[in-house]
Structures are given as structure tokens and as C-alpha cells.
Amino acid sequence: MPIPPASLRRHFFSWDGPWLPQVAAWLAGGWAGVGPLDLSRVLAVVPTRQAGRRLREALAEHAAARGAAVFPPRTYTPDTLLAEGAAAPDVASRLEALLAWAAVLREVDLATLPDVFPITPPRRDFTWAWRLAESLYRLQTQLAEGGLGMADVVPRAGDGFSEAERWRQLAGLEQEQIEKLRALGRREPHSARRACARQSAPPEGIDRVVVLGAPDPLPLALDRLRQWAGAIPVEIAIHAPAAEDAAFDDAGRPLAEAWSTRVLVR
């Protein structure tokens, strides 16, 4: 199960000064300036690769001011953070997943899925199946970013959900796709990614994780960070003073209700 959000540690930084110098000084906290600044066991989650480069430059400048070098942290983007879940050798590729979908769509009895196929297609050939497979694969990707499979939609939506039966039928189709891949010794990539996010250990050689400039990580990425927080410190850097504590949730995400009524001051 995911570790509770309270296990993520928040750190606030003044918005009266530049962000990167403050972050560099914080990451270097405890360094006496003797020898290189060694952050090689730190993993920094940054919004883009360019942000990772800027972070390394800021740390190099901070160390150079004391005549020292720096061993920079490892950097991940949020996409990299999630991509690891699909890297195992038994996880199906996108092509394999699409072919499994196409096979399911050509074999299934459409009469049992009236809410998904209210109108029988005139031709159930491979072209039709492939186009629909691509749509269903994209849907899986969008749901997986939120940590969901098709079977999770109805329970999450709750009572009175008007599309409940349609989603139940979609969930049945997805289960058939999963089973078809399993019969070939392959794991469906989206379900594998969700499972990995909720069960994985921190990367080897890392004993601290910091999230920098990523105020709204995807729910699945947050699941992974919470999981890691059970083993090593996971710290969220927030570019706002500590007095704004109540305007952010326990994972450092801005709370809409706290900001929607804020009066802008020039």
C-alpha cells in the first residue's frame, strides 16, 4: 500500500529571492567546504532535462565560490520516474500491447458489449481493430497516469455514475487484453507500471530524494515517491515562505481553494 503523504517532508523557500541559489545552498547544507560537494547519492526530480542542467550549473557555482568541485545529484524528470515501471524484460512493448488489443477486438462477441459498441461496425477487419486498439491504449495511458486501470473507474466514480455499465464492459475488454498478453508470458505495460510504482524500492545508490520545481506530479508518480519515503527521506521543495504552509497540501501541491480567492498585489 502507498505510504501516507505525511511521510513526505516539505521545505519552504522565500519567494523574495531567486529559486536556484536557495535550492543549491539547501542541498549543500552541512558541507563545510572541505573537499568536493558530494551529492552523488541524491536523486533530484526536476520538471525537464533543461531544469536538471540549470540545477547542476547552480550547484557548480555554489561549490566554485569555495574553490571546490561538485559531484551533482542524479536527475529524473517525472516521466523518467514513471518509465522505470515499464523497463522489466517481461513487460510487453507498445506494439505487443496494441496487437493484443487488436486480437481481442476481432475475437470478442460485440453483442455482449452494447454500451461500448451500440452500432456494429460494417467491417471488423484488422484496420478497424488497429485504430480502436490505439484509442484504447491511449485511454489506458491516461488512466495509468492517475494510477488507475479501467476496472478502477466505476469504484472511483461512486454511486449514480451514468457511464458505469460502459466502463464495466471496457474493464472486461481490458482484462481480456491482459490475459492474452499473460498467455504469451508478457505483462501489460500500464498495469506493470502501476504495480511497480506501488511496490518498488528506491534506486540503488540513492539515500535521499528531493522534488524541485514539480508542484503537481502525476498521481502515479506521487505513489512511487510515497513508496520510497518508507525507506529514505523524500523532500518536497516549495517556492513559497513557510507562512504559506496552509496553501499547500502534504505533498507540496498548491490548494486551489487557497489561491483562487487570493488578491494580487502589485
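## Exercises on a predicted chain

Apart from neighbours within four places in sequence, R208 is in contact (heavy atoms within 4.5 Å) with W26, L27, R41, V42, L43, I232, P233 and E235. The model is predicted: local features need pLDDT of at least 70 and side-chain atom pairs count only at pLDDT 80 or more, while totals for chains, interfaces and linings use all residues. Residues are numbered from 1 along each chain as its sequence is written, and side-chain values use heavy atoms, with hydrogens and water left out.

### Exercise 1. The chain as a whole

Task: State how many helices and strands the chain has, and what share of its residues is buried.

Solution. Helices (H or I, at least four residues) and strands (E, at least two) are DSSP runs, numbered from the N terminus. The chain has ten helices and seven strands. For burial, the cut-offs are under 20% relative accessible area for buried, over 50% for exposed, and partly exposed in between, with a 1.4 Å probe and protein chains only. Of the 266 residues, 40% count as buried. The C-alpha trace spans about 70 × 45 × 30 Å along its principal axes. Among contacts between residues at least 6 apart in sequence, 77% join residues at least 24 apart.

### Exercise 2. The place of R208

Task: Find the element that holds R208, decide whether R208 is buried or exposed, and name the side chain with which it makes a polar contact.

Solution. First, R208 belongs to strand β6, residues 208–211. Next, the relative accessible area of R208 is 19%, so R208 is buried. A polar contact is a pair of N or O atoms within 3.5 Å; within protein, one must be able to donate a hydrogen and the other to accept it, and residues adjacent in sequence count only if both atoms are side-chain atoms. The side chain of R208 makes such a contact with the side chain of E235, at 2.5 Å.

### Exercise 3. The sheet

Task: Give the order of the strands in the sheet and name its edge strands.

Solution. Two strands pair if DSSP finds at least two bridges between them. The open sheet has five strands in the order β1-β7-β6-β3-β5, with parallel pairing. Its edge strands are β1 (9–12) and β5, each of which pairs on one side only. From one strand to the next the twist averages 25°.

Now go through the pairs in turn. Four bridges join β1 to β7, and H11 has A237 as its bridge partner in β7. β6 and β7 (residues 234–238) are parallel over three bridges, with V211 opposite I236. β3 and β6 are parallel over four bridges, and V45 has V211 as its partner in β6. Three bridges join β3 to β5 (residues 74–76), where V45 is partnered by Y76.

### Exercise 4. Two faces of a strand

Task: Which residues of β3 and of β7 lie on each face?

Solution. In a regular strand the side chains alternate between the two faces of the sheet. In β3 (residues 42–45), V42 and A44 are on one side, L43 and V45 on the other, and all are buried. In β7, V234, I236 and I238 are on one side, E235 and A237 on the other, and all are buried.

### Exercise 5. Helices α8 and α9

Task: Describe how the axes of α8 and α9 are arranged and which residues make the contact.

Solution. Axes are lines fitted to C-alpha atoms, for helices over the stretch in contact, and angles run from 0 to 180 degrees between N-to-C directions. The axes of α8 (residues 189–199) and α9 (residues 219–228) come within 7 Å and cross at roughly 30°. Angles under 35 degrees count as roughly parallel, over 145 as roughly antiparallel, 65 to 115 as roughly perpendicular and the rest as oblique. The two helices are therefore roughly parallel to each other. R193, R194, C196, A197, R198 and Q199 of α8 meet L220, D223, R224 and Q227 of α9.

### Exercise 6. L143

Task: Locate L143 and list what it touches.

Solution. L143 lies in helix α5, residues 126–145. Its relative accessibility is 13%, so L143 counts as buried. Not counting residues up to four places away in sequence, L143 touches L148, G149, M150, V153 and W167. The C-alpha atoms of L143 and V153, ten residues apart along the chain, are separated by 8.7 Å.
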